[in-house]
Amino acid sequence: MEEELKKIVEEMQKELTGCEKEADVLNIKSKYVGKKSRISEILSNLKDMSIEEKRKYGSLINNTKKELENIINEFLNQKLNQNNTSFDDTLDYEISMGSLHPVTIVAKEVTDCMKKMGFTVVSGPEMETEYYNFEALNIPKDHPARDMQDTYYLDNGMLLRTQTSGNQIHAMEKYGAPLKVCSPGRVFRNEDLDANHENTFFQVEGMVIDKEISIENLLYVMQQILSEVMQSEINLRLRPGFFPFTEPSYEIDMECSICKGKGCPTCKNSGWIEIVPGGMVHPNVLKAGGIDPEKYTGFAFGIGLTRLAMMKYKISDIRVLNSGDIRYLEQFNIK
Amino acid sequence: MLLSCNKLKSYIKNSNDIDWENIWKTFTIRTAEVESVKKVGNNLDNVVIAKIVKCEKHPDSDHMHILQVECGEENPVQVVCGAPNVRVGLKTAYIKVGGHIEGIEIKSRPLRGIISNGMCCSGKELGISDNHDGILELPFDAPVGMNIKEYLPIEDIIVEIDNKSLTNRPDLWGHYGIAREIAAITNHELLPLEISEIEDENKEKLKITIKEPNLCYRYSGLKVNNLTNNKTPLDMQIFLYYVGMRSISLFVDLTNYIMLELGQPMHAFDSRVVKEIEVGLANDGDTYTTLDGIERKLTKDMLMIKNGNNYFGIAGVMGGLDSEILSDTTSIFLESATFNAGNIRKTAVALGLRTEASARYEKSLDPNLTTYAIKRLMYLLKKENPNLEIASKLTDIYPNELTEQVIKLNKKTLKIYMGKELSENEIKEILEKLGFKVEINKDFYNVTVPTFRATKDIKIEQDLIEEIARMYGLENFSPKPLKLDLTVVEHENVYNQEYEVKELLATKFDMNEVNSYIWYDSEMLKKIGIDKSGIKLLGKSENNILRDDLSLSLMNIIENNLKNYKRFGIFEIGTTIENNSNRRKLSIILVDDEKNIENIYMNMKAIVKYLFKNLKNKNVTFVDNINERNYYEDTLGKKVIIDDEVIGEVNVLSKRVANKIGKKKAIVCTELDFDKYVDIEKNKILAKDISKYPTVELDYTIIMPDNKKYIELLEVLKAFKSNLIQSYNLLGTYENKYTIRYIIGSDHKTLDQKDLSNFKERFIEHIKNNGLSIIE
């Protein structure tokens, strides 16, 4: 019996050698392990054997059948498939990816966060009138911000906006109170360029107007936005500031994330980093926007988007941002 | 601005209770930003007052002397000293053996063979002046043996405040104002300053005229005679040095001292040259030499102090060379005036001359300070010159007196802003500490504003709320969420649409977003020979023309990138200025070698089509565009049309221009009007049922005559009607052969051979009838 079983295995292996087509292999399979195969016949004869013989040959026959099946399957899997796979599966191509400007990415993050809080994103013109850029924002005629040194005046009597704050007025005029708007955009300052100074950069303005808005609301909203943008729980403090369009005005400082407020070179040993100027909207600004300051109060703030992008991506020279240099910009591919 | 804590202490009662090193952290969040706090004079010890009792020439040196100095010990000590001003009887600062100066220990050591025990010090070595010409000279009555630190205010804490954070606080531009703030923060009492009332009965008025009362609010003058001592006391010299000023002479130093104390700039003229003072405007084109010896060009907007018919000083900025006090004078004319802040700032900026005085005037000083400042100066002057003589009336020209104003502060408004309620007493206490007067009423407070706060920063009730909030403590405010509001509001979605387009171009079409400038690069325009006459920036001769063509303004970015890339695509959404108004534009630019122009041109059209199909569900039509701008190719220009409206252009930069940017390069630019884009409404998708019956693809290859283009074939195809047509599109071209694929089918049945051959026959006939041939 053992002899015969061994022979069956050998015969099948012999027949498989040189077999290239799947159909041939399947024919061999049915011949050797199919219903009409010799091994099936031996197996069916088993029931007529004595108990001793059953004990002696039962598992041997079964194992041989399994062995035959394994050999066939392995042949199918390996030999036949291998013949078809003749490419280098270690090759590794890439689909090239474009890029968004880092400021666009940061602006999206900030506005997304503010949209979640119910803000609408509004826009406004880059070439602006003196009225919207200054007068309506309670910046009087002899204020230093109006100097030629800081402002690009144009030969048509207009100017390039020095801040996105003018959009506060546009939004109030268009939409009235209550109002929750933010407005990212390009602004212009007449500055000489160096690693830290650009004449063209981005800000995002935020403004909330409603009944009974308080300083504590301002603090809350800033904490929410900045925690979301910085992706960590942050501490803020208010410090007296001075801006014509808000009263009271504050410099909003963020606890230094590097030293946790203990003082280090990054925060000039103060433990705090100046991050956002803001304050309660000046009654004159509300009036300019057609909103009654007796009925409504509000707060506004401006975040330096370009500076935020520089902090986030550790950009050391501001000038690369407007250079259009693809070598630099293509790092900012979005997933 | 630099502050001396010693000086601040002198204005506050029980000031030693204050932690002068750490108070500045609180000051930062109550008042203004502190940049640095620095201890001075603490690296010095064992320095005492000594008297030189014997002075002999060093035998081996041409400049050194061997001194015997008395320093409070039993016997005089021998010191070798190289200073030229050593002499018997001189009192000076002597550092003992074992003492330290600038952290270095002083030892007994031989100097050219003669033992020197300790050292006599110069002002510079003590860190109290820049003077290193000789050893410190102390007054004759200085007590020998006394520690120098007890005698002179050498130990101090010097604080630097960020000037910018004082912009709206003219009252904080002197030590006394800062002391008022510190006293309020720490609940201490501010001491009144000692002043000297001017006894000027029977004296004559000075001749002073203000020609421009809108620019000069007040001018006070006083003439003082019989001044014999022009030497500044050492403690004042040290103070001036510590806060960054040079000591010159008593008369000049005192005016600076008053400015540093009260914030009121003053000027002392040599009264021998003062005739008649007039404050008026300069003549255009005149020149005037200021104290620093520089000749300044004047304009008719600059306010001047005039003496007789001559200029005497630039008001609020700097005096003139000819008004300087000479060393032999015993009579001075004191000027204490207030000018218009804006005018002074403009003058200072125009002249490029920002002085300590102009910095203060720019902040809008309180005109009520002028005579007070004179009285304070006279008190200090009298201490050094007890026999001085008042030689004129305190002459005070003050056309429009600034009086105290009352602001009504509503309790309700205060509560809204603060988000909490403070007690009436708290409010009253806070405001009174800062110099306000408060009257409590039922629903409001009447708050009287002192004039030193009224010129600039306190005008309305919100200004008072700011005062209350900061003194209450900004750190005591806690974040509070806004009231729940569930209204859906989206006023506009311009920004979202911009982002959508940018994201598509970057992710789908492998393009890079750039940011650029709103003006043309002059050099680039010159290089490519294009003249642009748009809106101009004033006061600039380069890069001063605002762009009216976004793509063209990106040419220098393209030129730079060509150094590193053979082909690329960039885009920007930015503003152009056309017909005097803002236009929001999207520019897409593809760059490649000239031989690949067809490829990028077709890509560009496909991108534009995709963009509108994907984001607006709209089909684009391109029609020929005769370009007005000659730097674009005439024949390849296309208008981009959506719903019969022109929304932009696809252009190819002319060969001539492109070649200047990159040799043998093709540059294809699309410019879309984004304002119009935003307003295009998205086509709704209406779902169509799908036929149960199979469709059939039929490909036809049509041969076009050489002079005909695809657009003409499209017209022919459009004219072929059959209700079996599901869709058709261009499969490809080979030379002049265009292969079109039709997909045909029916909603009612499976097409049979007869339907197909019918369709085919009709189509071939249609094509032939239109004068085209078809490969059958």
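Modeller: Domain bounds here come from an automatic or database domain assignment, and on that basis chain A is divided into domain 1 (2-84) and domain 2 (102-329). The C-alpha centres of domain 1 of chain A and domain 2 of chain A lie 81 Å apart. This is a predicted model, in which local features need pLDDT of at least 70, side-chain atom pairs count only at pLDDT 80 or more, and totals for chains, interfaces and linings use all residues. Residues are numbered from 1 along each chain as its sequence is written, and chains are lettered from A in the order in which they are written.

Biologist: What makes β34 and β37 of chain B a pair?

Modeller: Strands are DSSP runs (E, at least two residues), numbered from the N terminus, and two of them pair if DSSP finds at least two bridges between them. Strand β34 (residues 696-703) of chain B and β37(B) have three bridges in the antiparallel sense, so they meet that definition. I702(B) stands opposite I774(B) in β37(B).

Biologist: Why are β35 and β37 of chain B said to stand at the edges?

Modeller: The open sheet has the order β35-β36-β34-β37 (chain B), with antiparallel pairing. Because β35 (725-734) and β37 (773-775) of chain B each have a single partner strand, one side of each is left without a neighbour in the sheet.

Biologist: How do you know that β25 and β26 of chain B pair?

Modeller: Four bridges join strand β25 (residues 437-440) of chain B to strand β26 (residues 444-449) of chain B, and the two run antiparallel. A hairpin of three residues joins β25(B) to β26(B).

Terms used:
Heavy atoms only, no water.
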